[in-house]
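Hi everyone, thanks for making time for this. I'd like to walk you through a structure that may be new to you, so please have a look at it while I talk.

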Amino acid sequence: MNRRDFAKALAFAGTIGSGLWPVARSTGAPLTGTRAGVIVDPVHMQQLQQSFLDLRFGMFIHLNMATFEEREWGDPLLSPKLFDPKHLDTDQWARAATSANMGYACLTTKHHDGFCLWPTKTGSANVMQSSYPHDVVRRYVDSFRKAGLKVCLYFSILDLRQDIRARTVTPEKIALIKAQLTELLTGYGPLTALILDGWNASWSRISYAELPYREIYDLVKSLQPNCLVTDHNAGSYPGTALYYTDIKQYEQHAGQKIPADSPVPSQSGTTLQSDWFWKKAYPTSELASAKTIVDDWLVPFNENHCNLILNVAPNRDGRFDDNAVARLAEIGSLWKNTGPAPKVGRAVLITTPDLAAGKPAWASASDEAVGPDLAFDDDYRSYWLADKGKTDGWIEIRSEQPVSFNTISIVEPIHADGYGDTSRITRYKVEMERDGGWVEIASGGTPAPYQFHEIGRVTAKRVRLTVFGRQPGVTELGLYDEPR
C-alpha cells in the first residue's frame, strides 16, 4: 500500500462509526428511525461460523518483541532493533501445521506492547525499524495460503507503545487503530477471522464504551464481509452467548472452559509449550502430549461446537524447535479432519451498547442488599433477586429520554454463587409503557441462561421485566438497537 492508497484508506476508515454508513431497513415491523451500522445477514453469518467450525483445528503463532525478551508481554520501551528472527522460515511453519492436519493459522501481527509485524505507515514501531526489515505478515500469509491453509490475524487493541490503554483513549488513537486494521484488511488478501485481544478484559480495562466496539466491527465488515470478528472477552461475558464477538473465545490456557452442550460457535486456545512466546528452555522442555491434545481437547471440543487453536512459539531464529515439529507430526498421525463439524444453530449476535445499562432501576421488592440496579450494571457476576418467599417479581428501568431498541436479552444467574444450578424462572414477560398502560413485547417459559428476543424496533421510556418462579433472579436485562 503506497502513501496515496493509505491516505484513502484512512479517510474511508474515518467514516465508519460517524453515522455516514448506509443502513438497510427491516422487512419486518416498521422502524421508527435508522441507526448507523453495517447490516450482517444472519444466514450468511451462520454459514461463516459453520465453515470456521469445519476447520476444526488451527495453529496460533506468537512471534513478536516478547520472543526476544524472555517475557509474555514485550517491554514497550525497548528498541525495535531487538527484533531479529534472522532465519525466519514461514514455509516451515506451514509444513508443520499441515503435518498436524490443521486447517488454518493465526499470527500475532501486533501484541500488547504495540510492535507491528508489517511495515505500517501509521508511525508505530514496526519491522522496518528492526534488525529484520521484512514484512513478516506477508511471508506468513503467502506460506500458509500456498500450503492450502486458511489465514487469520491477531491484533491487540491494547497498545503500550502508543499509550492506548484504559482512560487514555482519544479519537486520534481510535483513528490509529482503524488505520492499522485497514492496512491489514486491505493488504493481505481474504481473512477467515480477525482475533482481537486486550479489549474489555479485566486486565486491560479498555471498555467498549471508551473504545466503541461497533465502530471497529463495522470497519472490518465493510472491508471484508466474510471475515469473522472474534474478541477475547469471555472473562467479561462468561457463559454461552455471543456478546461482541462472532465466535466465542475461551482461553483454555487462562482456565476458561467451554460449558457442556454449548450452543454457540466457539474457539478454545491453549499452548503446545508452557507459555505463548518462546523461552530459552523450550527446545528441551516437556510439551503437551499428542494424546492429551487429541483425546482431551481436540475431539471433545469439536463435538461441542468448538475448534481448537494450539499455539506453537517460533524461536529467535524464526523457526519452530525440533521437538515442536516432531510433536505436531505425532498429532497428525493420531487425528485427521474427517469432514464437517456438528451443525451449529443460528445465534443472536450482540454488537451494540446495552441501552439499559446504568439507567435508574426499580423493583417490586428485593432480597437484602441486592437491588434492581444489579440487573442493569453490565456486570454478569452480579444479580437482582426477588424478595424471600416470593414467587414473582418485576424489575424496571426508567429513562428520561425515549430509548429505541429491537433486541432484548434476559440472563438468569444460573451457577452463580448462592443461586443454584437450575432455573428458578417458570415464565416471564417484558412490557413497555405506552399511553399510560403496559404493552407486552416479549414473553416465554423457563428461559435458557441467556435468552434473546428479536422484535420490531420499539421506543419507550419505561421497560419492565416480570418473572415468575421460586424467588427468581436476573443477572442482566439488556436492551439493544442492532442494525438489521
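Let me begin with a definition: a charge sits over a ring if NZ of Lys or CZ of Arg is within 6 Å of the ring centre and within 35 degrees of the ring normal. Keep in mind, too, that what you see is a predicted model.

With that in hand, here is an example. The charged end of Arg398 is placed over the ring of Trp362, 3.9 Å from the ring's centre. A second example is Arg427, which lies over the face of Phe468, with 3.8 Å to the ring centre.

Now let's step back to the whole chain. It contains eight helices and 18 strands. Its radius of gyration is 24 Å, close to the 23 Å that the globule rule gives for 484 residues, so the chain is as compact as a globular protein of that length. Along the principal axes, the C-alpha atoms fill a box of roughly 75 × 50 × 40 Å. Of the 484 residues, 56% count as buried. The accessible surface comes to about 19200 Å², and carbon and sulfur atoms account for 51% of that.

How much of the contact in this chain comes from residues 24 or more positions apart? Among contacts with a separation of 6 or more, such residues account for 74%.

You'll find His87 in the loop between E1 and H3, and at 47% relative accessibility it counts as partly exposed. Its C-alpha atom is separated by 4.9 Å from that of Asp317, although the two residues are 230 apart along the chain. Leaving aside residues up to four places away in sequence, His87 touches Asp317, Gly318 and Arg319.

On to the aromatic rings. A search of the whole structure turns up 25 aromatic pairs. Take Trp73 and Trp203: their ring centres are 5.5 Å apart and their planes meet at 65°, so this pair is edge-to-face. The pair links distant parts of the chain, 130 residues apart, with Trp73 in the loop between strand E1 (57-61) and helix H3 (90-99) and Trp203 in the loop between strand E4 (193-197) and helix H6 (213-223). Trp73 is partly exposed, at 32% relative accessibility, and Trp203 is partly exposed as well, at 37%.

Compare that with Tyr208 and Tyr244. Here the centres are 4.8 Å apart and the planes are at 40°, so the pair is tilted. Tyr208 lies in the loop between E4 and H6, and Tyr244 in the loop between strand E6 (242-243) and strand E7 (248-251), so the pair ties together parts 36 residues apart in sequence. Are these two tyrosines buried or exposed? Both Tyr208 and Tyr244 are buried. They also belong to one aromatic cluster, whose members include Trp199, Tyr380 and Phe452.

Last, the cysteines. How many disulfides does a search of the whole structure find? The number is zero. Cys116, for instance, is in no disulfide, and the nearest cysteine sulfur, in Cys106, is 15 Å away. Cys116 is buried, with a relative accessible area of 0%. For Cys306, the closest cysteine sulfur is that of Cys152, 14 Å away, which is too far for a bond. Cys306 counts as buried too, at 2% relative accessibility.

That's my tour, and I'm happy to take questions.

Methods
Residues are numbered from 1 along each chain as its sequence is written. This is a predicted model: local features need pLDDT of at least 70, side-chain atom pairs count only at pLDDT 80 or more; totals for chains, interfaces and linings use all residues. Side-chain values use heavy atoms; hydrogens and water are left out. Rings of Phe, Tyr and Trp (its six-membered ring) pair if their centres lie within 6.5 Å; planes under 30 degrees apart count as stacked, over 60 as edge-to-face and the rest as tilted. Helices (H or I, at least four residues) and strands (E, at least two) are DSSP runs, numbered from the N terminus. Buried means under 20% relative accessible area, exposed over 50%, partly exposed in between (1.4 Å probe, protein chains only). A disulfide is a pair of cysteine sulfur atoms within 2.5 Å. The radius of gyration is taken over C-alpha atoms; the globule rule is 2.2 Å times the number of residues to the power 0.38. Contact means heavy atoms within 4.5 Å. Accessible areas come from the Shrake-Rupley method with a 1.4 Å probe; for residues, only the protein chains shown count as cover.
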